[in-house]
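Please look at the sequence and the model shown here, and keep both in view while reading. The paragraphs below go through a few places in turn.

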Amino acid sequence: MISWAERRYSYEEVLSRLDPTVAEWFSANFSSLSPPQEYAVVPILEGKNVLVSSPTGTGKTLAAFLGIVSRLFSLASRGELEDRIYAVYVSPLRALNNDVYRNLEVPLRGIYQLARERGIEAQEIRHAVRTGDTPPSERQRQLRRPPHILITTPETLAIVLVAPKFRRHLEGVEWVIVDEIHSLVENKRGVHLSLSLERLEELAGRSPVRIGLSATINPLEVVAEFLVGYENGRPRDCLIVDARYAKPLDLKVLCPVDDLVHTPSAVVSQRMYELLADLVRRHRTTLIFTNTRSGTERVVFHLKKLLNEGVEDLDADESIAAHHSSLSRHVRHDVEERLKRGELRAIVSSTSLELGIDIGYIDLVAQVGSPKSVTRALQRVGRAGHRLHEVSKGRFVVVDRDDAVEVAVMVREALSGHLDRARIPQKALDVLAQHLAGMAVERKWDAREAFELVRRAYPYRNLTWEEFESVLRYLSGGYSELETYKVYGKIWYDPGGGAFGRRGRYARVIYATNIGTIPDEVAARVYNVENNRYIGNLEEEFVERLSPGDRFVLAGRVYEFVRAKGLKVYVRPAFDQKPTVPSWFSEMLPLSYDLAVQIARFRARIAGEIEEGRDQGEIVAEIARECSTDEKAARAIFEYIREQLVFLRSLGLEEFPSDEVILVETYLSEDGNSYRVFHTLVGRRANDALSRALAYLVGRRVGRNLGVVVADNGFALVFPRGVEPQGLLSELDPDGLRATLRSALANTELLKRRFRHVAARGLMILRNYKGHEIRVSRQQASAETLLKAVSDIEGFPLLRETYREIMEDFMDVETAELVLRSLREGRAREVELPPLNVPSPFSHGIVLQGLSDVVLMEDRRAMLERFHRMVLELVEAGQRAGGG
């Protein structure tokens, strides 16, 4: 049963439950308990499963470890500590593992120092990190003398479960801590870990206490079920400690200019950088988040320039740094250490600093653009005020009107405590295949027993026997037609006897060297041609477009492209010159469905207030107060919504787009193309599903392939000259949407790429064979050949999983079905505008996204201004006609 912690234990009660030496050390170092510690320490000591959710810097990690260290020290002081692993700590980040190792050193050293002073003799409590970076000598040492506390990653845990000698040290494990669980639940790394936890439980021969540590996430009941798994079809017991609001919030939306429509693009950018520079000057250490790595590099470049020009004693080159996943580990580690030492005034990151690695004191988090979900916004802002009782201060800088509305509603929802729902991938058959291959390495299994073990993991609680057996059949070489393509059985399976086991002497090596869920991405390594020093990575698609002499920003500095050889790129420093090529192509984060619905309702409500004739100043003040915006942002939001309202009324339309009204408009552009725009504010993932399905349906009818533009606040079908724009969402059958999408996805690049990922996870394509890494280019070629072969096999599990991953994880087919059902059942309706040669204000962003291949970014704002002028002309013409 899932329950909520209500009992708050006093400082004295908690200390009385601890080993006396541990209690004395704690009282000498801490005069009070943090909320997670008040609620969690005693239940953990009592052997209860606990999920703790609270912001960074609220003492979660100590709450998890205090009871464990206390129990281990009691055993050690009695000489009863055995040579085995008692506790396993799992986190998604190696850097976080190293932090935890260092952070455990402090209490252990203090406790043992105190014990010596008190004349208490105790065995040493050993703790050690084991990841892919651990050298063989250290692994051998751990085998001879296992750590009592093992600190590891999800992937390494899966490997040690089959390590023939090391796995016996895991028998009898008593505690498992899963840190940063919020970053795992929504992806296949989390699904992978959920199965490892069930396998660990089976190996331990007992139910270890499971402790989950999470930043802000919702719904906690589902995350708790994910943590503890199922037994006999019901969730195991778990106590939820909800301390998500342990730290006060100070959030504000800022707009750098008075007018987001008419101000030239260069001026808007300059004002934004000046605003950020001012924030950096006024705070000790500022963490700035952007949504793309290219955005990160641009912000670093411009901030350095601005702050170097200032009069203050600040060496911007040394005190501002970038941090993102394309930089080498050495560069990232150097930045983290400088930040911890307080040497940096600002650090700019895309997503790499969202997780709780120790980065020292941050007093402000600034976000450029929208983080796209309330939960992500709170997780990012939670990095500020790293200690308890300190305010988490966040400033959101918006530079276009869609962003302004989106972020304003997001901040309102964050301050109200309304969070987006986490979505956990269900029944991932590729991850299942990988684990079954691992289980076969361990021993011979009864298939039904293995099936029940798998179903104890939350993501597989609804797995059917047919789905499970199809994976066994694939793994055992049951599809003999694939042997032509060198896809051989990894296990043996006897359907009659209901058993399976390992096959071939390389089974263990293949499993251990191909483990994990993160796909190989093709990246080129960048080197300085003058000293051959490695600088960072670039995506291959970017490298293909470079010509000698092109300049771009990497690691916060300008480099000039010299030449490329294979996947190596050679550059020379050009620090004093301007970049000529925008860096990287990165997918923007998709807007969450829950937030999208709130934005739709907010826009419709403000439009209603404007129509009622309420005073403009009052409405602007209300927006600023309710959404914690400055006056510029509130006015931009008001003007944007008013413009859309006046536009629609000038056409004689009484409706306004909302969560119940889907506006459909046709814009006849000057280039001869027609844009059929659907105002479905349901988030990009659902819009991706809706647009692909409708484009496929209408495209077949008109006998042409249609262009598609997908945005968070709607989508557009692009019809070529001479083809009449047509199609409504109500033509799509909610019950047949998945089948339509399946047809639409056939032969797409998306399907080919995702199939490679799934086939690699499911061990159909090996990333490593007998110690040799298989090049990604070769993996991709194999994937395309195999995709053609398996397309003819009915229900092939890895192809089935590829479609499921695209539709459910990459897209949001469930929400798309919900939208179509609302239309079918009359809870929502489509309202069509007559064809026009000017797009409505709400569709400007969607239409310009489609034009972004031909329109340079500097011209984008000029186009927006032109659209704005055309809207005003149309409205004035409508008013004159109405007056006449």
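Two residues are said to be in contact when heavy atoms of theirs lie within 4.5 Å. The model is a predicted one, and the contacts below are read from it.

We begin with a pair of helices. The crossing of helix 3 with helix 4 is right-handed. Which residues in helix 3 and helix 4 meet? From helix 3 come Pro-36, Gln-37, Ala-40, Val-41, Ile-44 and Leu-45, and from helix 4 come Lys-60, Leu-62, Ala-63, Ala-64, Leu-66 and Gly-67. Sorted by class, the residues in this contact of helix 3 with helix 4 are nine nonpolar, two polar and one charged.

A second pair is helix 21 (residues 593–611) and helix 22 (residues 616–627), whose axes come within 11 Å and cross at roughly 155 degrees. Angles over 145 degrees count as roughly antiparallel, so helix 21 is roughly antiparallel to helix 22. The crossing of helix 21 and helix 22 is right-handed. Helix 21 contributes Phe-602, Arg-605, Ile-606, Glu-609 and Ile-610 to the contact, while helix 22 contributes Ile-619, Glu-622, Ile-623, Glu-626 and Cys-627. The contact of helix 21 with helix 22 has six nonpolar residues, four charged and no polar.

Seven residues of the contact between helix 24 and helix 29 are nonpolar, one is polar and none is charged.

Next, consider a single residue and its contacts. Leu-874 belongs to helix 31, which spans residues 857–883. Setting aside neighbours within four places in sequence, Leu-874 is in contact with Phe-647, Ser-650, Leu-651 and Val-838. Val-838 is 36 residues away from Leu-874 along the chain, and the C-alpha atoms of the two are separated by 8.2 Å.

Some details of the backbone come next. Asn-218 and Pro-219 are joined by a cis peptide bond, with omega about -5 degrees. Pro-219 is placed in the loop between strand 7 (209–214) and helix 9 (220–228). Asn-532, a residue other than glycine, has a positive phi, near 60 degrees. The loop that holds Asn-532 runs between strand 20 (523–528) and strand 21 (534–539). Leu-763 is not a glycine either, and its phi is positive, about 65 degrees. Leu-763 sits in the loop between helix 26 (749–761) and strand 29 (768–769).

The last stop is a space inside the model. How many cavities of 30 Å³ or more does the structure hold? It holds one. The largest cavity contains about 40 Å³ of space. Its lining is formed by Tyr-474, Gly-477, Tyr-479, Leu-482, Val-487, Tyr-488 and Gly-489. By class, the residues lining the largest cavity are five nonpolar and two polar, with no charged residue.

Technical notes:
Residues numbered from 1 in each chain as written. Predicted model: local features only at pLDDT ≥ 70, side-chain atom pairs only at ≥ 80, totals over all residues. Heavy atoms only, no water. 1 Å grid on protein atoms, 1.4 Å probe; cavity = no way out; pocket = protein on both sides within 12 Å on 5 of 7 lines; lining within 4 Å. Points joined across faces, edges and corners; volume = space filled by probe spheres on them. Nonpolar A, V, L, I, M, F, W, Y, C, P; charged D, E, K, R; others polar. Left-handed = near helix turned anticlockwise from the far one by under 90°. Helix = DSSP H or I, 4+ residues; strand = E, 2+ residues; numbered from the N terminus. Axes fitted to C-alpha atoms, helices over the stretch in contact; angles between N-to-C directions. Parallel < 35°, antiparallel > 145°, perpendicular 65-115°, else oblique.
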